[in-house]
Amino acid sequence: MARPPDSDSETGIITRTRTQTRRKLARPPRYKVLLHNDDYTTREFVVEILKLVFHRSEPEAVQIMLHVHHNGVGIAGVYSYEVAETKVRTVEAMARARDYPLMLSIEPESAGGSDDAQ
Ligand code: TYC
């Protein structure tokens with residue numbers, strides 16, 4: 001027997017990697033805040049909220065806004081669920097105050113799908 005009997009090569013069973021065994025807690029789940037395109041919200045407003053609420057630089061904000069404009073959806077940022085939810089509420093309040101229909105959504109970071117969301 002080349003290895004001890006509890007090794008995965010003997011039992012054929014492995015449920016955790018070494019790194020995961022050593023980590024005290026599971027990594028907390030993270031969530032994407034998605035921005036959705038519409039025909040009425042101005043490009044300037046989207047860039048402003050990306051800078052103010054999602055702490056993006058001007059070039060990053062313009063790039064994300066254009067991605068959403070051309071592809072329909074894009075990632076504003078990735079956060080804990082609570083932070084993601086607060087950012088969505090903050091942006092929705094700012095958009096509604098200006099009568100913009102801007103839509104946002106939250107999805108788990110690990111959620112698959114096409115690369116439409118960057
Ligand atoms: N499509 C909008 C326009 O042409 C701009 C826009 C970009 C709106 C991104 C929403 O999430 C959005 N004015």
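**Exercise 1. The shell around the ligand**

Task: Determine which helix gives the most to the shell around the ligand, and describe the shell by class.

Solution. Step 1: α4 gives the most to the shell, with 3 residues. Helices and strands are here DSSP runs (H or I of at least four residues for helices, E of at least two for strands), numbered from the N terminus. The model is predicted: local features need pLDDT of at least 70, side-chain atom pairs count only at pLDDT 80 or more, and totals for chains, interfaces and linings use all residues. Residues are numbered from 1 along each chain as its sequence is written, and side-chain values use heavy atoms, with hydrogens and water left out.

Step 1: List the residues around the ligand, where a residue is near a molecule or strand if one of its heavy atoms lies within 4 Å of it. They are His36, Asn37, Asp38, Thr41, Arg43, Val46, Met65, Val68, His69 and Leu102.

Step 2: Assign the elements. Both α3 (43–52) and α4 (58–71) supply at least two residues of the shell.

Step 3: Sort by class. The shell has 4 nonpolar, 4 polar and 2 charged residues; Ala, Val, Leu, Ile, Met, Phe, Trp, Tyr, Cys and Pro count as nonpolar, Asp, Glu, Lys and Arg as charged, and the others, Gly among them, as polar.

**Exercise 2. Thr41**

Task: Where does Thr41 lie, and is Thr41 buried or exposed?

Solution. Step 1: Thr41 belongs to the loop between β1 (31–36) and α3.

Step 1: Its relative accessible area is 12%, so Thr41 is buried. Buried means under 20% relative accessible area, exposed over 50%, and partly exposed in between (1.4 Å probe, protein chains only).

Step 2: A polar atom of the Thr41 side chain lies 3.4 Å from the backbone nitrogen of Leu102.

**Exercise 3. Aromatic pairs**

Task: How many aromatic pairs does a search of the whole structure find? Characterise two of them, Phe45 with Tyr100 and Phe54 with Tyr79.

Solution. Step 1: The search finds 3 aromatic pairs. Rings of Phe, Tyr and Trp (its six-membered ring) pair if their centres lie within 6.5 Å; planes under 30 degrees apart count as stacked, over 60 as edge-to-face and the rest as tilted.

Step 1: Phe45 and Tyr100 are 5.1 Å apart centre to centre with 55° between the planes, a tilted pair. This pair links distant parts of the chain, 55 residues apart: Phe45 is in helix α3, and Tyr100 is in the loop between α5 (81–97) and β3 (103–108). Both Phe45 and Tyr100 are buried.

Step 2: The ring centres of Phe54 and Tyr79 are 6.2 Å apart and the planes stand at 40°, so this pair is tilted. Phe54, in the loop between α3 and α4, and Tyr79, in strand β2 (residues 73–79), are 25 residues apart. Phe54 is buried at 4% relative accessible area, and Tyr79 is buried at 15%.

Step 3: Lys87 lies over the face of Tyr79, 5.1 Å from the ring centre. The criterion is NZ of Lys or CZ of Arg within 6 Å of the ring centre and within 35 degrees of the ring normal.

Terms used. A residue is near a molecule or strand if one of its heavy atoms lies within 4 Å of it. A polar contact is a pair of N or O atoms within 3.5 Å; within protein, one must be able to donate a hydrogen and the other to accept it, and residues adjacent in sequence count only if both atoms are side-chain atoms.
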